[in-house]
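Here is a brief structural report. It covers annotated positions, charged pairs and a surface patch.

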Amino acid sequence: MTRRILFRATGTARPGQLAALGEALSLAGTRLLDINQSVTFDRVSLDALVALDDDAQDLASALDHVINQAVERSGLSVEAIDVSDDAYARWSEDAGQPRLIMTLLAPRLPARLLADTGRLTAQYGLTIELIHRLSGREALDGDSPHGGACVEVWLRGDVDVEALRQDALALGNSLGVDIALQEDSIWRRHRRLVCFDMDSTLIKTEVIDELARRHGVGDEVAAITERAMRGELDFQQSFRERMSRLKGLDESVLADIADNLPLMEGVEELMCQLKRLGYRTAILSGGFTYFARYLQQRLGFDEIHANELVIENGKVTGEVQEPILDADRKAVLLRDIAAREGLHMEQTIAVGDGANDLKMLAAAGLGIAFRAKPLVRQQARQSISTLGLDAVLYLIGYRQQDLAPQD
């Protein structure tokens, strides 16, 4: 008869302890079924699930021998826990259920978050398999760690993901924490293409509003934007009306705005790492190629797609060059680029902040609403509001220690 035993070893971590425990288990003739080890502040916790035939010798004597050998060789405290057939069957069944990745992000993570997320996951019947930190350690002087704080939680269970996401979004809003959920799959660490909106995503401003302000028609353009937000105009209608108000704007104003575009926090770090890691990057913007080219030259985007300003004799004509890059066009371009690069859509990432980005975010394997309006955050599958743009790296699954410092 085969018995399954969980050996749990704890104590002060030092080299050679795994070998010591393994030697003891080997001498007892056990078969390894599963193993897990973690170290926190030099304290090690090592669990080994093994199978042991108890008809060869007295089980109690065998267990005592393993424990004595393990303690002597490793210097750890060791206990043996008998695992029943029913418990083993439940564990095996749970291992076959879908896995979810919950990512917790904020400048600092409140301790209350542990209780609240624990209650939320328990409410949905989810098992927490692993919790680990992706961000760097907080400095001794209390300064925020680089890129804020981020913890990744692995959850196991078959649930209504959308319902859980909505509850997690509400919880995060109440705590000032971003809680992102994504289903684990083979593609999660194999994304290859990242497409960005530009205005209020890569840069901190809406360029068309700044152009209108410089041209003295800021209030008129703002009123058109408000009508579009109320649903009285679609994007193409509002875009044409706003463009018409820019007729006669001097090209020198464009150059001045381009030279002073305020970059979003974290964008330089993000682009440095994405290029280092071999991702293809693109701007898909309802703004203007004039400014997208500037960002391409400064940050190294592989390609840009945006609307073309019509300029004649050094003046903006107020006309629109077709086709207008709207929400539908963004989603089409995302798919086209992925197809051209030979990528599955699951390998794509899209980042944006507005309603005009929702179709692109929905089409991507990982769609991220960045510092978005509440409606966009609610509809997007993931969102980031508390950290800079480089927090996208955490949602891909990178740890801060994986990333090379910028030159």
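The report below goes through these topics in turn.

## Basis of the model

This is a predicted model: local features need pLDDT of at least 70, side-chain atom pairs count only at pLDDT 80 or more, and totals for chains, interfaces and linings use all residues. Residues are numbered from 1 along each chain as its sequence is written, and side-chain values use heavy atoms, with hydrogens and water left out.

## The annotated aspartates

UniProt, in an unreviewed entry, places the feature "active site" at Asp197 and Asp199. Its positions are given in the numbering used here, feature names are shortened, and annotations may be inferred rather than shown by experiment. Asp197 sits in the loop between β9 (193-196) and α6 (207-214). Asp199 is found in the loop between β9 and α6. Helices (H or I, at least four residues) and strands (E, at least two) are DSSP runs, numbered from the N terminus.

Asp197 has 6% relative accessibility and counts as buried. Asp199 is buried at 7%. Buried means under 20% relative accessible area, exposed over 50%, and partly exposed in between (1.4 Å probe, protein chains only). The side chain of Asp197 makes a polar contact of 3.1 Å with the side chain of Thr201. A polar contact is a pair of N or O atoms within 3.5 Å; within protein, one must be able to donate a hydrogen and the other to accept it, and residues adjacent in sequence count only if both atoms are side-chain atoms.

Not counting residues up to four places away in sequence, Asp199 is in contact with Thr205, Glu206, Val207, Ile208, Ser285, Gly287 and Asp353. Contact means heavy atoms within 4.5 Å.

## Lys330

Lys330 belongs to helix α12 (residues 327-340). Is Lys330 buried or exposed? Lys330 counts as buried, at 1% relative accessibility. Its side chain joins that of Asp357 in a polar contact of 2.5 Å. Leaving aside neighbours within four places in sequence, the contacts of Lys330 include Asp197, Leu284, Ser285 and Gly286.

## Salt bridges

The structure holds 30 salt bridges. A salt bridge is a side-chain nitrogen of Lys or Arg within 4 Å of a carboxyl oxygen of Asp or Glu. Glu129 pairs with Arg99 in one of them, the closest N and O atoms being 3.1 Å apart. That pair links distant parts of the chain: Glu129 is in strand β6 (residues 127-133) and Arg99 in strand β5 (residues 99-106), 30 residues apart. Glu129 is partly exposed at 37%, and Arg99 is partly exposed at 21%.

Arg99 also forms a salt bridge with Asp184, with the closest N and O atoms 3.3 Å apart. Arg99 lies in strand β5 and Asp184 in the loop between β8 (178-183) and β9, so this pair ties together parts that are 85 residues apart in sequence. A further salt bridge joins Arg293 and Glu308, the closest N and O atoms being 3.5 Å apart. Arg293 is in helix α11 (residues 289-299) and Glu308 in the loop between β11 (303-307) and β12 (309-312), 15 residues apart. Salt bridges that share partners join Arg99, Glu129, Glu152, Arg156, Asp184 and Arg188 into one network.

## A nonpolar patch

Leu18, Leu32 and Ile35 make a nonpolar surface patch of about 290 Å². Patches are made of residues with over 30% relative accessible area and no salt bridge: like charges are joined within 9 Å, nonpolar side chains (Val, Leu, Ile, Met, Phe, Trp, Tyr) within 5 Å. Accessible areas come from the Shrake-Rupley method with a 1.4 Å probe; for residues, only the protein chains shown count as cover. Leu18 is in helix α1 (residues 17-27) and is partly exposed at 48%.
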